[in-house]
Amino acid sequence: MRARVVSSGFRPAPWLAGPHGQTLWPNSVRRRARPPVTVERVDTPDGDFLDLAWAEGGNGPLVLLLHGLEGSLRSPYVVGMLDALRRRGYAAVVMHFRGCSGEPNRRTRGYHSGETGDLAFVVGELRRRYPDRVLAVIGYSLGGNVLLKWLGECAETAPVEAAVAVSVPFDLAAVAARLERGFSRFYQWVLLRRMRANLRRKLRRVPLPLDGVRIASLTSFRRFDQAVTAPLHGFAGVDDYYARSSSRQYLASVHTPTLILHALDDPFMTPEVVPRHEELGPGITLELSTTGGHVGFVSGAAPWAARYWLEGRIIEHLEQALRGALRP
């Protein structure tokens, strides 16, 4: 294997031009019935819990989904992917990051862009339960950053057969800066409103060492990460958190067959955050499109015939990467 950078075959819907339309439509307009799921609560080694949502599926490969910041089983991109996998005979499970399943987690710590311990734990549990099952992982946005960082940490020993990462914030400091400019501030406002609400909800159940922090003043990602994320997770400050948790520096060690899907007009970041060919590990194919927004990639001739290109492209990659793959 060797690293590749290729152009995407994605063609945006002519009626949905521009990064913001591509980003907002799937999250505000798209509606699809969620496949039947069973939620399983798994206790973690440190006395916390993770909620796994298992979708009814076939006997094909098992696929683990990682949602983005403040995402969950209810996120439209997760629902759509679960349904697409089910239709193709895959089995799928969504890993909710701590505190994202609708109930605050028990421990002081939560989740963040560089926290890979829970992913390693869940993958280990899946491998223990299904030692002969082929396993792949899909990560979106923050979940994609976590996935790529973990794959880099594992290097040649990653216990999965394939991976896909979508709209990854490769450089967290640059992304935080981009989200303070122009219309991109809208996305920051939406996400931070959820983050502050979840923080208040957690504080009603778990005492946190955040004396003197005014939650209402946390109006940017840098402020939130400096006041909350960094101290709760052992970082020296926001810059230390961003530097140590960004996935870009881990890419060179990725050996697992991994497809990264990214749009150069992603409004969460600038094209400068996209890694260069020489930064990529031998397992990576970086597929770039000029447009597509953030976890968008909507095509189709008309609004009533919108097509969500990501789902088909991801399954295409899985079928290629997993063809003939067997657990030893």
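# A tour of helix contacts, cavities and a pocket

Start by selecting helix α7 (residues 221-232) and helix α8 (residues 238-245), which pack at an angle of about 90 degrees with their axes 8 Å apart. That angle makes α7 roughly perpendicular to α8. This is a predicted model, in which local features need pLDDT of at least 70 and side-chain atom pairs count only at pLDDT 80 or more, while totals for chains, interfaces and linings use all residues. Residues are numbered from 1 along each chain as its sequence is written, and side-chain values use heavy atoms, with hydrogens and water left out.

Helices (H or I, at least four residues) and strands (E, at least two) are DSSP runs, numbered from the N terminus. Axes are lines fitted to C-alpha atoms, for helices over the stretch in contact, and angles run from 0 to 180 degrees between N-to-C directions. Angles under 35 degrees count as roughly parallel, over 145 as roughly antiparallel, 65 to 115 as roughly perpendicular and the rest as oblique.

On α7 pick F221, R222, D225, Q226, T229 and A230, and on α8 pick V238, D239, Y241 and Y242; contact here means heavy atoms within 4.5 Å. Colour them by class and the contact of α7 with α8 shows 5 nonpolar, 2 polar and 3 charged residues. In this scheme Ala, Val, Leu, Ile, Met, Phe, Trp, Tyr, Cys and Pro count as nonpolar, Asp, Glu, Lys and Arg as charged, and the others, Gly among them, as polar.

Next, select helix α3 (residues 117-129) and helix α4 (residues 142-154), whose axes lie 9 Å apart at an angle of about 75 degrees. α3 and α4 are therefore roughly perpendicular to each other. Look for L119, A120 and V123 in α3, which meet V146, L147 and W150 in α4. The contact of α3 with α4 has 6 nonpolar, no polar and no charged residues.

How many cavities of 30 Å³ or more does a search of the whole structure find? There are 2. On a 1 Å grid over the protein atoms alone, a cavity is a set of points where a 1.4 Å probe fits but cannot get out, and a pocket is an open set with protein on both sides within 12 Å along at least five of seven lines; lining residues have an atom within 4 Å of a point. Grid points are joined across faces, edges and corners, and a volume is the space filled by probe spheres set on the points.

The largest cavity holds about 120 Å³ of space. Select its lining: P26, N27, R30, P76, Y77, M81, Y140, V295, G296, Y308, L310 and E311. Two or more of the lining residues come from each of α1, α2 (76-87) and α9, and α2 gives the largest share, 3 residues.

For the second largest cavity, about 30 Å³, select F49, L50, D51, H96, F97, R98, G99, C100 and S101. By class, this lining divides into 4 nonpolar, 3 polar and 2 charged residues.

Finish at the second largest pocket, with a volume of about 210 Å³. Of its 14 lining residues, centre your view on R4, P257, T285, H317 and Q320, the closest to the pocket's centre. β8 (258-263), β9 (284-289) and α9 (309-322) each give two or more residues to the lining, and α9 gives the most, with 4. The lining of this pocket has 6 nonpolar, 5 polar and 3 charged residues.
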